[in-house]
Amino acid sequence: MAVFTEVGFDEADALVRRLGLGALTALKGIEGGIENTNYFASTESGEYVLTLFERLGAEQLPYYLCLMKHLAARGIPVPEPVADPAVAPPQGHPLSIPANAPCELLHTVAGKPAAVVQRLNGKSELAPSAAHCAELGRLLARMHLAARDYPRIQPNLRGLAWWNDTMPVVLPHLDAAQAALLRSELAYQNHVAESSAYAALPRGPVHADLFRDNAMFDTHASADAPRLTGVFDFYFAGADSWLFDLAVCLNDWAIDLASGRHDAARADALLAAYGTVRPLTAPERALLPAMLRAAALRFWISRLWDFHLPREASMLKAHDPTHFERVLRQRAHATFEFATGADALAA
Ligand SMILES: Nc1ncnc2c1ncn2[C@@H]1O[C@H](COP(=O)(O)OP(=O)(O)O)[C@@H](O)[C@H]1O
Ligand SMILES: N[C@@H](CCOP(=O)(O)O)C(=O)O
């Protein structure tokens with residue numbers, strides 16, 4: 001990822017020693033990602049990732065870190081955050097714990113909130129096959145079910161309210177056709193969000209950014225039988241519909257990257273595998289096309305925002321906003337059928 005904040009070796013060494021991980025043997029800034037500062041940290045006891053949170057504050061972070069811990073405890077392959085043994089975990093029901101209570105998973109480095117999590121083995125698959133998509137679909141459904149009893153509550157901070165707030169900020173940077181598309185799609189999504197079908201969608205804590213680069217596959221597995229080693233980067237997670245999470249994945253894992261066009265073989269594999277763990281409900285089947293548009297809109301807006309209002313960082317590579325403009329146009333105007341029975345029709 002980008003390195004927004006440089007971390008000195010001695011400061012990182014002091015942290016990992018305090019966490020009981022032994023001495024730091026190597027510290028390397030990570031290229032890739034756009035939100036936070038990330039370093040690979042090797043210690044005497046293993047391989048970790050040190051993340052300094054650049055936008056999120058200490059009030060939001062316990063939600064993400066405790067969610068990762070919750071999922072790891074239920075056998076979902078996610079990086080487990082390392083606790084500070086000197087900080088006692090807060091007592092009582094999580095909903096009764098004030099957001100600013102000390103959190104044993106949250107540390108401070110270079111004046112910023114920080115976390116140390118296990119480094120996952122493997123490699124991201126940026127050109128996934130239907131078999132990779134099926135692996136992802138199964139894990140996504142397992143993750144949704146495993147998070148059902150997660151007690152903390154935090155909305156998706158990049159959800160509809162943020163889209164409405166951010167549209168006026170990015171509009172001055174768009175041409176007339178783009179501005180018209182953004183306005184009309186946001187109006188459509190506000191309308192969908194008021195529908196009874198939308199209210200009936202099953203919800204819970206969702207990842208909300210499970211792109212190909214946030215999943216790792218075993219590099220030793222055969223191409224026909226890929227094996228996910230884990231998923232990471234939960235820092236956009238929040239309460240939202242499971243369908244929105246699924247749509248985010250379909251828009252990244254199961255499209256033709258050059259044109260943004262739907263790829264039926266990969267999409268059907270992902271959906272079918274998801275459905276073997278948790279079958280979609282009728283409202284979900286009905287709203288899948290609308291949520292595919294919502295997921296495309298979400299990342300078009302955030303990419304526009306990152307691109308036109310950039311932050312200072314070394315190694316920062318802003319993502320191309322026009323990609324999700326293309327995906328959104330495809331989703332809004334194409335007609336295609338899903339094996340689930342959902343049809344995507346023109347608006
Ligand atoms: N737990 C982890 N295990 C292995 N690699 C990781 C882990 N967390 C992050 N990375 C690496 O760091 C890169 C950037 O991380 P990411 O979380 O996407 O950054 P950002 O928070 O800025 O979005 C990833 O593409 C991956 O290579
Ligand atoms: N996945 C999002 C933005 C976040 O990027 P990440 O590398 O931090 O996961 C996008 O592609 O726009």
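Mentor: For 347 residues, a compact globule would have a radius of gyration near 20 Å, and the protein agrees, with 20 Å; the radius is taken over C-alpha atoms, and the globule rule is 2.2 Å times the number of residues to the power 0.38. This is a predicted model, in which local features need pLDDT of at least 70 and side-chain atom pairs count only at pLDDT 80 or more, while totals for chains, interfaces and linings use all residues. Residues are numbered from 1 along each chain as its sequence is written, and chains are lettered from A and ligands numbered from 1 in the order in which they are written.

The protein has ten helices and eleven strands; these are DSSP runs numbered from the N terminus, with helices being H or I of at least four residues and strands E of at least two. Helix α1 covers residues 9-18, and its buried residues are A12, L15 and V16. Viewed down the axis of α1, these buried residues lie within an arc of 90° and therefore line one face of the helix; the arc is that of the directions from the helix axis to the C-beta atoms. D10 and R18, on the other side of α1, are exposed. Buried means that 20 or more other C-beta atoms lie within 10 Å of the residue's own, exposed that 12 or fewer do, and partly exposed lies in between, with C-beta atoms placed from the backbone.

Contact here requires C-beta atoms, placed from the backbone, within 7 Å. Just after the helix, G20 adopts a positive phi of about 80°.

V116 touches L15 and V16, along with others including L19, A41, Y48 and H107, when residues up to four places away in sequence are not counted. V116 is also among the residues with the most contacts inside the largest nonpolar core, which has 88 residues. Such a core is a set of buried Ala, Val, Leu, Ile, Met, Phe, Trp, Tyr and Cys residues joined through C-beta atoms within 7 Å. Helix α9 (residues 282-308) contributes the most to this core, with 13 residues. Domain 1 (9-118) and domain 2 (130-344) both give residues to the core, so the core lies between them; the domain bounds come from an automatic or database assignment.

Conventions:
Contact = placed C-beta atoms within 7 Å.
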